[in-house]
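Here is a protein chain to explore by question and answer. Look at the sequence and the fold before reading on.

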Amino acid sequence: MPSSRLASQHEVPPEKQQNLVGDADERTFLLEDAVHRRSSSTYGAPKGPHSLDAYYDENLQYTPDEEDEVLQILDRKLFPFILLTTFVLNMDRTNISNAISDNLAQDLGFTMNTINTATAIYAVLFATFCMTGAIAAKIAGPSRWIPTLMFSWGLVTLAHALIKDKYGYITVRCLIAVTEGGVIPTTLVYLGGFYKGTELATRLAYFWGVQSVASASSGLMASGLLRLRGLWGLEGWKWLFIVDGIITVVAAVATWYYLPVNSIRTQGGLRGAKPWFTERQVYISVTRLVRDDASKRGYEKRVTFSDIKDTLSDIGIWGHLLITSVGHTPNTPLHTYFPSIIKSFNFNTYASNALTAPPHLLHGVIMIYFVHRSDRKRERGYHGAFSAGWQLLGWIWLRSLGPDSNRLLKYLAVVILSAWPYTHPLNIAWMSENTGSVGKRTVSSGMIIGASNIYGLWGSQIYREDDAPDFRRGNLINIAFSAVAFGLWFYQKGLYAYRNRRNEALWEKMSVEERKREENGREEKGNRSVLFRFTT
């Protein structure tokens, strides 16, 4: 349907026009040279009836209430299923720590060193497939790639029940890394096709908050399933993997028939016979994304070599990767041995797994609050520094407790430490809104999820058998990493503030002709344009 026809067909009633979203100034750069950009090959995206660009109308007018209605439909019908996929993911990632507390190593005839080696290999493979996962998603389509990966790691989770020795253990840990690695960057790419940048951080907080609920659920499930040791000749931890694997495979099949390709194609499968949106709402859902981020007109394009080069040469991206890999390093020993650490406080295996639930739930609630607050305040750097400072103080407190300290005091220290406001969703949202182009956002999404796992390579060696059970040397190393991360948040905020000041100064020096050329090329330049303003 031609755009000119849409402009009149979707006109807003006169009584609502005083509340129209977006004024002429906000849309100037979209209106300039619109005909040229619609016909150019810059985007490389399909222009068929089901492509997003076909439903973008620069003249479309709509009210805040209409936009809110579209957002509510997404939150009610799409986002809960995304939360289901990440719940299943983290349930399957947490179960290894539950299994370790049930004497997995002893049953298979190896030591803590083998667990650390497998964790390191897992980290490298997971990070590698994170970096390629987002690119693969652009080829296969996120709505298909997510359930495919889920089904694959569901089968590998079931395969844990077949392990007989350390070689089998290392093999399945490698396979689980390969199959799980691409799902989070793929999900980030997928969500970007439905939500604006200003809407993403809070939803990412819920995304990782549900992972905390999954970790808590895994601990509670383990406290019951581990009691099945001996049933049909299987160890308790094997029953844990069997139940988790079945849940994952069933969820993967449901996800295949539920996730829509985009907001245009929402009918059919488990979604129902009727589309989620009216025709007008489809235009609103697409147009509001483009007005928020002009690069999303080409959201369906595939990644090019220039996108990769542009990403790798952006110093801001590397800052976010450092924050992730340094700041989250202490998570590896904590998450790998969490139930075992609590067990060392003189709790039994079943109680130690159940006691992992409260800190995981508290962690999720606190994280969602802080990220939501960051969204409301439109501030990132200081919020991240606060969270990193929390983690730093938590490690200092745990390190100060000796072998003779009261076990409830030790447990309280672990609860406070593990409940720190997790900065990963905040850091991802901050990076995403400062990339300036779809291609760079796709590549950087894979890189940052990779960075959030590669630290397992060195983090897996922090807790060693000769340092158990109090891990005083290991916790001192955790303190050092947390202190560096605390400083990195201030550095990143200062970098973006400097780039904003530099861009403003360059703009002031430009002639009228230079400014016009800069406005016409701002989409292509992305965050390298002097018109781009970084969130700090």
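The questions below go from the whole chain to single residues.

This is a predicted model, in which local features need pLDDT of at least 70, side-chain atom pairs count only at pLDDT 80 or more, and totals for chains, interfaces and linings use all residues. Residues are numbered from 1 along each chain as its sequence is written, and side-chain values use heavy atoms, with hydrogens and water left out.

Q: How many helices and how many strands are in the chain?
A: Helices (H or I, at least four residues) and strands (E, at least two) are DSSP runs, numbered from the N terminus. By that rule the chain has zero strands, and its helices number 26.

Q: What share of the residues of the chain count as buried?
A: Buried means under 20% relative accessible area, exposed over 50%, and partly exposed in between, with a 1.4 Å probe and protein chains only. The chain has 536 residues, and the buried share is 58%.

Q: How many salt bridges does a search of the whole structure find?
A: Side chains of opposite charge can pair when their charged atoms come close. A salt bridge is a side-chain nitrogen of Lys or Arg within 4 Å of a carboxyl oxygen of Asp or Glu. Searching the whole structure gives a count of 20.

Q: How many residues apart in sequence are the parts that Glu67 and Arg288 tie together?
A: The two side chains form a salt bridge, N to O at 3.2 Å. Glu67 sits in helix 4 (residues 64-101) and Arg288 in helix 12 (residues 279-292), so the pair joins parts whose sequence separation is 221 residues.

Q: Is Arg499 buried or exposed?
A: Arg499 makes a salt bridge with Asp314, with closest N and O atoms 3.3 Å apart. Arg499 lies in helix 24 (residues 472-509) and Asp314 in the loop between helix 13 (305-312) and helix 14 (315-327), so the pair ties together parts 185 residues apart in sequence. Asp314 has 3% relative accessibility, so Asp314 is buried. Arg499 has 7% relative accessibility and therefore counts as buried.

Q: Which residues are linked with Arg499 in a network of salt bridges?
A: The bridge to Asp314 is one part of the picture. The network linked with Arg499 also holds other residues, and its partners there are Asp310, Asp314, Lys440 and Arg528.

Q: Are helix 14 and helix 21 roughly parallel or antiparallel?
A: Axes are lines fitted to C-alpha atoms, for helices over the stretch in contact, and angles run from 0 to 180 degrees between N-to-C directions. Helix 14 and helix 21 (residues 424-433) pack at about 175°, with axes 10 Å apart. Angles under 35 degrees count as roughly parallel, over 145 as roughly antiparallel, 65 to 115 as roughly perpendicular and the rest as oblique. The two helices are therefore roughly antiparallel.

Q: How many residues of helix 21 are buried?
A: Helix 21 is mostly covered. Its buried residues include Leu426, Ile428 and Trp430.

Q: Which residues does Leu322 touch, not counting residues up to four places away in sequence?
A: Leu322 is in helix 14. Contact means heavy atoms within 4.5 Å. With those neighbours left out, Leu322 touches Gly327 and Leu488.
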